[in-house]
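Subject: Model handover

Hello,

Here is the structure for you to look over.

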Amino acid sequence: MPPPRVLVVDDDVDVRTALRNLLQARGFVVDVAEDGLEAIEILDGRPPPSAIVADLMMPGIVGNELLEYVAARRELAGIPIAIVTGSPQYAPIGLALFRKPVDAEALVEFLRSAIAR
């Protein structure tokens, strides 16, 4: 069975790199996008990821717009999503929320559990 693939979306290069390194070290294959538009291009051009880790406050297509796009696409709608943000007040209710700086172990545990379902 291939390792699970996670799409990480964050405009902060340091956060994006740290999340990619963390998840790769834990056995995930990681795609990264620096904004919502790049994330949509990845989602349209590749098989759906096992999970998405997304920031909310980004230039261009913001995280909430990306979440609306995912929810509207039947093939993407069931993908587990973790919100990683410094602005939790903007997070939609019902999604896993991880405040920056991220509790790495809690994020990995969430992803493993959500992907296993």
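Start with R5: its relative accessibility is 16%, so R5 counts as buried. Buried here means under 20% relative accessible area, exposed means over 50%, and partly exposed is in between (1.4 Å probe, protein chains only).

A word on the source. This is a predicted model, in which local features need pLDDT of at least 70 and side-chain atom pairs count only at pLDDT 80 or more, while totals for chains, interfaces and linings use all residues. Residues are numbered from 1 along each chain as its sequence is written, and side-chain values use heavy atoms, with hydrogens and water left out.

Salt bridges

The partner of R5 is D31. They form a salt bridge, with the closest N and O atoms 2.2 Å apart. The term covers a side-chain nitrogen of Lys or Arg within 4 Å of a carboxyl oxygen of Asp or Glu. The pair links distant parts of the chain: R5 sits in strand β1 and D31 in strand β2, 26 residues apart. Helices (H or I, at least four residues) and strands (E, at least two) are DSSP runs, numbered from the N terminus. D31 has 12% relative accessibility, so D31 is buried too.

By this rule, the count is seven salt bridges.

- E105 and R26 form one, with the closest N and O atoms 2.7 Å apart. E105 lies in helix α4 and R26 in the loop between α1 and β2, so the pair ties together parts 79 residues apart in sequence. E105 is partly exposed at 46% relative accessibility. R26 is partly exposed at 30%.
- D44 and R73 form another, at 2.8 Å from N to O. D44 is in helix α2 and R73 in the loop between α3 and β4, 29 residues apart. D44 is partly exposed, with a relative accessible area of 46%. R73 is partly exposed, at 26%.

There is also a network: salt bridges that share partners join R5, D31 and R46.

Helix α1

Helix α1 runs over residues 13–25. Its 13 residues reach 18 Å from first C-alpha to last, close to the 18 Å expected at 1.5 Å a residue. That expected span is 1.5 Å times one less than the number of residues.

Which residues of α1 are buried? They are V15, R16, L19, L22 and L23. They lie on the same side of α1, because they cover an arc of only 135° around the axis. The arc is taken over the directions from the helix axis to the C-beta atoms. The face turned away from that buried side carries the exposed residues D14 and A25. Cover for the buried residues includes β1, β2 (29–33), β3 and α4 (104–116). Contact means heavy atoms within 4.5 Å.

Now the ends. D12 caps the N-terminal end of α1, with a side-chain oxygen 2.8 Å from the backbone nitrogen of D14. Just after α1, G27 takes a positive phi of about 95°.

Helix α3

Helix α3 spans residues 63–72, and its buried residues are G63, L66, L67, Y69 and V70. They cover an arc of only 160° around the axis, which puts them on the same side of α3. E68, A71 and A72 are exposed on the other side. The buried residues of α3 pack against β1 (5–9), α2 (36–45), β3 (51–54) and β4 (81–85).

Best wishes

How values were computed
A polar contact is a pair of N or O atoms within 3.5 Å; within protein, one must be able to donate a hydrogen and the other to accept it, and residues adjacent in sequence count only if both atoms are side-chain atoms.
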